[in-house]
Amino acid sequence: MIHLKFIKSYASLIEKELENLGLPDKPSTLYDPQRYILVGKGRRVRPVLPLLACGLCGAKPEKAIHAGLAVELIHNFTLIHDDIMDQAGSRRGNETVHKKWDLSTAILSGDGMFVQACLQLQKMPDHVNLKRANEIFLNGINHVCEGQALDMEFEERRDVQTDEYLEMIGGKTAALISVSLMLGAIAAGADEEKVDLLDHLGQSLGLAFQIQDDLLDVVA
């Protein structure tokens, strides 16, 4: 059983590393929006998962810190672009990036966060199979994009079936949670059996998380 104090300590570690990310000052139109969305206090659920998975696989959780940062950066990249697509005006109680700056700045800063996420993966420990880590990461992001595309398509339909909905949230939400756990296993040097098990766990957690979130939208 994972004690809550460990989760809190991992979240604090992620927070500290994000504060010390070292994004350049210039050009400010690229990096200021990135800093802005990162300081908006999210729950930091996804970046904690690689550390937890790494520990579960028998290694020091800190070995997965760069995997956690990569996941958090890519998550915020998706938030910037989601807010544009949804024409949202606020996020975590603050103005969305495209409202505070403009549409072009938001798109570019989101793209920049994608790059920063990929750069974090390159900082994983020397023993890590980077080719496998990148494959997991990029395939996961592609699944997120597929899920988002399906979500947009479903907005125009009134006949969406259960299996289609599960496919959509399996990409939109569950894919990145699976990636988070799998990267933690990769950072620990775990075998493919453990990586696959954590993939399945991430899918189940992601589906449950999104179903609950959607139910709250309906009944709250």
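Trainee: Which helices each supply at least two residues of the lining of the largest pocket?

Mentor: Keep in mind that this model is predicted. The largest pocket has a volume of about 730 Å³. Its lining takes at least two residues from each of α3 (45-56), α4 (65-86), α7 (130-154), α8 (162-187) and α9 (192-219).

Trainee: Which element provides the largest share of the lining of the second largest pocket?

Mentor: The second largest pocket has a volume of about 240 Å³. The elements that give two or more residues to its lining are α7, α8 and α9. The largest share is nine residues, and it comes from α7.

Trainee: Which residues lie nearest the centre of the second largest pocket?

Mentor: This pocket is lined by 18 residues. By type they are five nonpolar, eight polar and five charged. Nearest the centre lie Asn139, Gly140, His143, Ala175 and Gln203.

Trainee: Which elements give two or more residues to the lining of the largest cavity?

Mentor: The count comes to one cavity of 30 Å³ or more. About 70 Å³ of space lies in the largest cavity. Its lining includes Tyr36, Asp83, Arg91 and Glu95. The elements giving two or more residues are α2 (28-39) and β2 (94-95).

Trainee: How do the rings of tyrosine 36 and tryptophan 101 pair, and what is the class called?

Mentor: The search of the whole structure finds two aromatic pairs. In this one, the ring centres are 5.3 Å apart and the planes meet at 80°. Planes over 60 degrees apart set the class, so the pair of tyrosine 36 and tryptophan 101 is edge-to-face.

Trainee: How many residues apart are tyrosine 36 and tryptophan 101?

Mentor: Tyrosine 36 is in helix α2. Tryptophan 101 is in the loop between α5 (97-100) and α6 (103-121). The pair links distant parts of the chain, 65 residues apart.

Trainee: Which residue lies over the face of tryptophan 101?

Mentor: Tryptophan 101 has a relative accessible area of 29%, so it is partly exposed. At 5.7 Å from its ring centre, over the face, lies lysine 100.

Trainee: Is phenylalanine 77 buried or exposed?

Mentor: The rings of phenylalanine 77 and phenylalanine 114 have centres 5.3 Å apart and planes at 85°, an edge-to-face pair. Phenylalanine 114 is partly exposed, at 24% relative accessible area. Phenylalanine 77 has a relative accessible area of 10%. The cut-off is under 20%, so phenylalanine 77 is buried.

Methods:
Residues are numbered from 1 along each chain as its sequence is written. This is a predicted model: local features need pLDDT of at least 70, side-chain atom pairs count only at pLDDT 80 or more; totals for chains, interfaces and linings use all residues. Side-chain values use heavy atoms; hydrogens and water are left out. On a 1 Å grid over the protein atoms alone, a cavity is a set of points where a 1.4 Å probe fits but cannot get out, and a pocket is an open set with protein on both sides within 12 Å along at least five of seven lines; lining residues have an atom within 4 Å of a point. Grid points are joined across faces, edges and corners, and a volume is the space filled by probe spheres set on the points. Helices (H or I, at least four residues) and strands (E, at least two) are DSSP runs, numbered from the N terminus. Ala, Val, Leu, Ile, Met, Phe, Trp, Tyr, Cys and Pro count as nonpolar, Asp, Glu, Lys and Arg as charged, and the others, Gly among them, as polar. Rings of Phe, Tyr and Trp (its six-membered ring) pair if their centres lie within 6.5 Å; planes under 30 degrees apart count as stacked, over 60 as edge-to-face and the rest as tilted. Buried means under 20% relative accessible area, exposed over 50%, partly exposed in between (1.4 Å probe, protein chains only). A charge sits over a ring if NZ of Lys or CZ of Arg is within 6 Å of the ring centre and within 35 degrees of the ring normal.
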